[in-house]
Amino acid sequence: MNGTSSSQEAAAEVDAEKGDESALCRIVICGDARSNRMRMAHATCTVVGVSGNQFSNEVSLELLGAFELTCGRSNVHAPLGAQRLLAFLSLSPDGVHRSAAAEQLWPDLPCHRAAANLRSALCQARRACCVTLIDCVGQRLRLSPVVQVDVLSTRESAHQIVDKLAPPSADSEMLINEFTRELLPGWPDEWLRLERERWKQVRLYALEGLAQRLLSVHRYLPALQAALAAAAIDPIRESAHRIVIEIHLSEGNVASAVRCYQHYEVYLRRELGVGPSAQMTDLLQGLRSPGHARP
């Protein structure tokens, strides 16, 4: 029995190297059918390490900043093809058809070459970690639920802030740092363009929402840090600058508020040839004389 099982597993490895897509799902199992079913059913529920520690093989994937894959407490090296596939699937939680994944990841290659690259990336992802990272269900690929993705959890925190479902966090500095991190900076992939814009808008709204809520409880320093972080991400966006002015006014720093207004007004006229909105100028109503010269 053991000899037959080993030969079947070896044959599956060879098939995978040749590009047999069905082998990519077969090579993760060995032994008789009954034990295989038990293993696969157990794997969908929890991850158990060799030592019996339930979370020793917990897998996390970081996409904010440099790509980093960890299993337990150890960094996992994954070839570039596997990195790109894991990143792509992590931002598509509902799963993706194989052909769509191949087309998005290798748009400049013919279909057969892109499909071959996808098969290679799947093999690389399987070999990278002792835990199954990618689920293959028919022609669909999906990131395994055991993989925790930082951008997804941070995005959920952002939505809670925007929807006012969570009180102002005591650890606001950590949240601000998370929201200021870029999504896979330096990666030239075209499919990331829309995802980066999506992440940009989510974190802008989250930082502004966090700043306003911190301001409402008179936590001026973290509120100012959050508003300035939003202004740094998108300097043209007026709402972040308005919050900065509101914070200065709440603290009684009228001169600082006026200076922020002037700097933003100069920037807008230089870049776009327009001035701040009436909503922003109303914040300083009565603080500047009608004859005050524009900078």
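**Close-ups of a predicted model**

**View 1. Valine 96 and its surroundings.** Setting aside neighbours up to four places off in sequence, valine 96 is in contact (heavy atoms within 4.5 Å) with Phe88, Leu89, Ala101, Gln139, Arg140 and Leu141. Valine 96 sits in strand S4, residues 96-97; strands here are DSSP E runs of at least two residues, helices are H or I runs of at least four, and both are numbered from the N terminus. With a relative accessible area of 9%, valine 96 is buried (under 20%; exposed is over 50%, partly exposed in between, 1.4 Å probe, protein chains only). Arginine 142 is 46 residues away in sequence, yet its C-alpha is 6.5 Å from that of valine 96.

This is a predicted model, where local features need pLDDT of at least 70 and side-chain atom pairs pLDDT 80 or more, while totals for chains, interfaces and linings use all residues. Numbering runs from 1 along each chain as its sequence is written, and side-chain values use heavy atoms, with hydrogens and water left out.

**View 2. Arginine 242 in helix H11.** Helix H11 covers residues 238-250 and holds arginine 242. Arginine 242 counts as buried because its relative accessibility is 17%. Beyond four places in sequence, arginine 242 touches Ser277, Gln279, Met280 and Leu283.

**View 3. Helix H8 against helix H9.** H8 (residues 172-179) and H9 (residues 192-216) pack at about 155 degrees, axes 10 Å apart (lines fitted to C-alpha atoms over the stretch in contact, angles from 0 to 180 degrees between N-to-C directions). On the H8 side, Ser172, Leu175, Ile176, Glu178 and Phe179 make the contact; H9 brings Trp199, Arg203, Ala206, Leu207, Leu210 and Leu214.
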